[in-house]
Amino acid sequence: MSNSFMADWVYTPTVKEHFMNPHHLYDEDKDKDWQPDGEGEVGSLACGDQMKVGIQVKDDKITDLKWLTYGCASAIASTSMMSDMAIGMSLEQAYHLTPQAIMDKLGGLPEHKFHCSVLGDKALRAAIDNYLEKNHRPNPFKKAVAKIVCECKGVTDQDIENLVKSGQAQTLEDLQRLTSYGTGCGKCKNRVKDLFLDYRHIYGYTD
């Protein structure tokens with residue numbers, strides 16, 4: 001293989017390894033008796049990527065994790081890496097696992113593929129949410145990961161995500177009506193729009 005040909009390869013060797021040999025991928029034959037304590041699913045085939053994560057938990061630590069995804073090489077590699085990182089973590093640590101941390105472990109992803117690592121992050125959090133809900137426990141981690149996007153109105157990325165996920169904010173106009181974002185200094189508008197579109201993609205809404 002020539003150097004000029006290899007120069008076009010945009011994925012790191014670590015990404016390639018996790019794509020070719022994904023870790024903790026659910027196997028329908030080998031894992032048919034495997035039962036998760038919590039499950040999370042994000043994305044949709046209509047948007048091009050869909051991901052499902054199941055976790056087993058003991059003493060508030062993730063002891064095992066299985067996943068399935070329909071998506072590109074980046075989605076497969078980032079979820080494989082996420083599974084390696086999450087197993088052995090406490091629920092709190094896993095809930096704080098960021099897309100950037102996953103991407104750093106992979107040695108980077110092309111900029112236009114960053115959303116693939118976000119899907120893994122969201123599916124893992126959804127699985128933890130589901131585990132806590134099934135056990136009738138409050139989720140103490142959500143507020144800790146929220147970041148303020150609109151300082152004037154105190155709107156966080158978690159607020160935006162919850163409103164999109166629940167279907168209450170179908171448009172930016174809906175979101176502004178519900179949160180009053182951008183009605184102060186207005187500096188947040190582009191950031192809110194980007195987050196809104198990202199969450200629409202993650203939760204399978206198509207326009």
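Is Asp31 buried or exposed, and what is its relative accessible area? Asp31 is buried, with a relative accessible area of 11%. Here, buried means under 20% relative accessible area, exposed means over 50%, and partly exposed is in between, using a 1.4 Å probe and protein chains only.

A quick word on the ground rules. This is a predicted model, where local features need pLDDT of at least 70 and side-chain atom pairs count only at pLDDT 80 or more, while totals for chains, interfaces and linings use all residues. Residues are numbered from 1 along each chain as its sequence is written, and side-chain values use heavy atoms, with hydrogens and water left out. Helices (H or I, at least four residues) and strands (E, at least two) are DSSP runs, numbered from the N terminus.

**Salt bridges**

A salt bridge is a side-chain nitrogen of Lys or Arg within 4 Å of a carboxyl oxygen of Asp or Glu. By that rule there are six salt bridges, including these:

| Pair | Closest N and O atoms |
|---|---|
| Lys66 and Asp31 | 3.8 Å |
| Lys52 and Glu39 | 3.3 Å |
| Arg177 and Asp174 | 3.5 Å |

Lys66 sits in strand β3 and Asp31 in the loop between α2 (13-20) and β1 (38-44), so this pair ties together parts 35 residues apart in sequence. Lys66 is buried too, at 14%. Lys52 is partly exposed at 35% relative accessibility, and Glu39 is partly exposed at 36%.

**The hairpin**

Strand β2 (residues 49-58) has seven of its 10 residues buried, so it is largely enclosed by the rest of the structure. β2 pairs with β3 (residues 61-70) in the antiparallel sense over nine bridges; strands count as paired if DSSP finds at least two bridges between them. The two strands form a hairpin with two residues between them, and Asp59 in the turn has a positive phi of about 50°.

In helix α9 (residues 172-179), the buried residues are Asp174, Leu175 and Thr179. Seen down the axis, they fall within an arc of 110° (taken from the directions from the helix axis to the C-beta atoms), so they line one face of α9. On the other side, Glu173 and Arg177 are exposed.

Over in helix α8 (residues 157-165) we find Glu161, which is buried at 7% relative accessibility. The Glu161 side chain makes polar contacts with the side chains of Lys122 at 3.0 Å and Tyr203 at 2.3 Å. A polar contact is a pair of N or O atoms within 3.5 Å; within protein, one must be able to donate a hydrogen and the other to accept it, and residues adjacent in sequence count only if both atoms are side-chain atoms.
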